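Please brief me on this structure. Keep it short and grouped by topic.

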Amino acid sequence: GKGSVEAGIVQLQGAMHLEDFKVARHCSQLHYEMGNYRRDEAGAIVKADDHHIDALRMAIYSTIRKRRVLEGA
C-alpha cells in the first residue's frame, strides 16, 4: 500500500543499524542500495538500483504475513 516501500526500507535500515538484522559484507550490492536510498527534489522515492532491497522487503513481509496466519493473528 501507500508508504509501504518507505516503511519497509526504513525498518530494514533500523534493524541493520541495531544489528537485529545482519547482511553479510560480501552482499555489497544490497549494502549499496540501502545506503543509496533517497528521495528526489519533489520528495518522491527514487526507484533506481533497488532490486535487492525490493526482493528482501518482499521476502520479509511474506514471512511475517505467513507467520501471522499460522499463529492465527
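A44 touches R38 and R39, not counting residues up to four places away in sequence; contact means heavy atoms within 4.5 Å. This is a predicted model: local features need pLDDT of at least 70, side-chain atom pairs count only at pLDDT 80 or more, and totals for chains, interfaces and linings use all residues. Residues are numbered from 1 along each chain as its sequence is written, and side-chain values use heavy atoms, with hydrogens and water left out.

**A44 and its loop**
- A44 lies in the loop between α2 and α3; helices are DSSP runs (H or I, at least four residues), numbered from the N terminus.
- A44 is partly exposed, at 36% relative accessible area (buried is under 20%, exposed over 50%, partly exposed in between; 1.4 Å probe, protein chains only).

**Helix α1**
- The buried residues of α1 are G8, I9, L12 and M16.
- They sit on the same side of α1, because their arc around the axis is only 95 degrees (taken from the directions from the helix axis to the C-beta atoms).
- Q11 and H17 are exposed on the other side of α1.

**Nonpolar core**
- The largest nonpolar core has 9 residues, including V23, L30 and I53; such a core joins buried Ala, Val, Leu, Ile, Met, Phe, Trp, Tyr and Cys residues through side-chain atoms within 4.5 Å.
- α1 gives the most to this core, with 3 residues.
- Y37 is one of the core residues and touches E6, I9, Q13 and I45, leaving aside residues up to four places away in sequence.

Technical notes. Helix = DSSP H or I, 4+ residues; strand = E, 2+ residues; numbered from the N terminus.
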